[in-house]
Amino acid sequence: MKTQVAIIGGGPSGLLLSQLLNKAGISTVVLERKSRDYVLSRIRAGVLEWGTVEMLRKAGAGARMDAEGAAHGGCYLASDGAMFRVDFNAFLGRNVMVYGQTEVTKDLYAAQDAIGATILHEVDDVVLHDLTTASPRVTFTQNGQSHAFTCDFVAGCDGFHGISRPSIPAEVRHEFEKVYPFGWLGVLSRTPPVRHELIYAAHARGFALCSMRNPMLSRHYIQVPLTDRVEDWSDARFWDELKARLPAEVAADLVTGPSIEKSIAPLRSFVTEPMRWGRLFLCGDAAHIVPPTGAKGLNLAVSDIHYLSDGLIQFYTQGDPAGIDAYSERALARIWQAMRFSWSLTTMMHRFPDSSDYDRRMQDAELAGLMQSEAAQRAWAENYTGLPY
Ligand code: FAS
Ligand code: PHB
């Protein structure tokens, strides 16, 4: 078997790249470790930058998002009871789209099925060979059978725990990491959102976030210690703690209900450089992880795919390698801006166990400055809605 581009990982990165390349007449094979149902069962991101919206439309996977997603022209920031709105539309004339990653993945699968793309599920033992030659080789097993194929390029879209990043020699990789001393407990419930837009709340008890998926499906998060386990948190305890961290008038409006999904995710910032080695390109979580505070994870994966798909299409249609040669540098320039924004918002909004009184005054001052300055809110909105590609 031979293909032009081997794609390791069938999450949003891999599926979107496969879709864009196949639409341009470039052959791909997607190798996914899990079953399709498992991939579709994941509850993750909820906010799409406008660049992501346009990329999904370009890929032919945006119709349901346009019909069922909600365009938000702003969001709220709250601190110890006070709350203000950042108006993206007034400052920038643009929105974000609230539409869950689960739905994005469903739409990408549907688009891939429609064009007959090759996606192999439940594959194991993927190994990448000859990456510094013009004909890399991929070996893997499926249903106990061993398989191998050659390709021109490999896209490592297999997430933080995948095999692609480690396929780059350690002496070539420069990794940057910051692990945060807390996690997020997330709850999905069939309850109406407490406000029509997202609320990011800082509080002495810890950070809280009120998000949503649709008018009858809410997604809430609270900061919890890393030592906490999901079983430590009954629904009642979760709702009480969330209310304690929200402004009183918001807490009074909160409709509670049984959780249909409850999980704790750790928070880290991580980047590996470079994002290319020979014929291997890293995309999405395989190359970088952001704390979900800035809603950047999925959106950064999409901008990586924008740069890489453009570069590969330029290579195959014009024989010009300039786009793929510039991929790592272009992607990293945007990644580091998103890293800074996500780190900054996480630092401003969370309670750090070892923070001093001075540190907390700095957090208060930064939030007060944002509340009082339209220039600061405009810059915040530029980052939150997504910097240009
Ligand atoms: P993914 O991790 O989504 O996909 C990688 C795929 O590769 C997976 O399907 C995996 O099964 C497969 N794979 C792994 N190893 C393999 C191997 N050896 N062989 C074959 N396949 C392999 N982002 C936000 O913006 N907001 C959020 O609220 C948010 N919440 C998150 C919560 C959690 C628990 C996690 C883990 C992430 C969250 N993210 C969030 C970030 C998330 O949305 C990612 O940015 C997004 O899924 C990135 O997509 P991919 O790069 O495709 O990686
Ligand atoms: C979500 O809806 O899951 C969500 C929204 C915004 C974030 C993080 C998560 O910053």
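Me: How do you know that the length of α1 agrees with its number of residues?
Reply: The expected span is 1.5 Å times one less than the number of residues. For the 12 residues of α1 that gives 16 Å, and the end C-alpha atoms are 16 Å apart, so the two agree. Helices here are DSSP runs (H or I, at least four residues; strands are E, at least two), numbered from the N terminus.

This is a predicted model, in which local features need pLDDT of at least 70, side-chain atom pairs count only at pLDDT 80 or more, and totals for chains, interfaces and linings use all residues. Residues are numbered from 1 along each chain as its sequence is written, chains are lettered from A and ligands numbered from 1 in the order in which they are written, and side-chain values use heavy atoms, without hydrogens and water.

Me: Why is α1 called largely enclosed?
Reply: Buried means under 20% relative accessible area (exposed is over 50%, partly exposed in between; 1.4 Å probe, protein chains only). Of its 12 residues, 10 are buried, so the rest of the structure largely encloses α1. Among them are Pro12, Ser13 and Leu21.

Me: What makes the pair between Glu32 and ligand 1 a polar contact?
Reply: A polar contact is a pair of N or O atoms within 3.5 Å; within protein, one must be able to donate a hydrogen and the other to accept it, and residues adjacent in sequence count only if both atoms are side-chain atoms. A polar side-chain atom of Glu32 is 2.7 Å from a ligand 1 oxygen, which meets the cut-off of 3.5 Å. At Arg33, a polar backbone atom lies 3.1 Å from a nitrogen of ligand 1.
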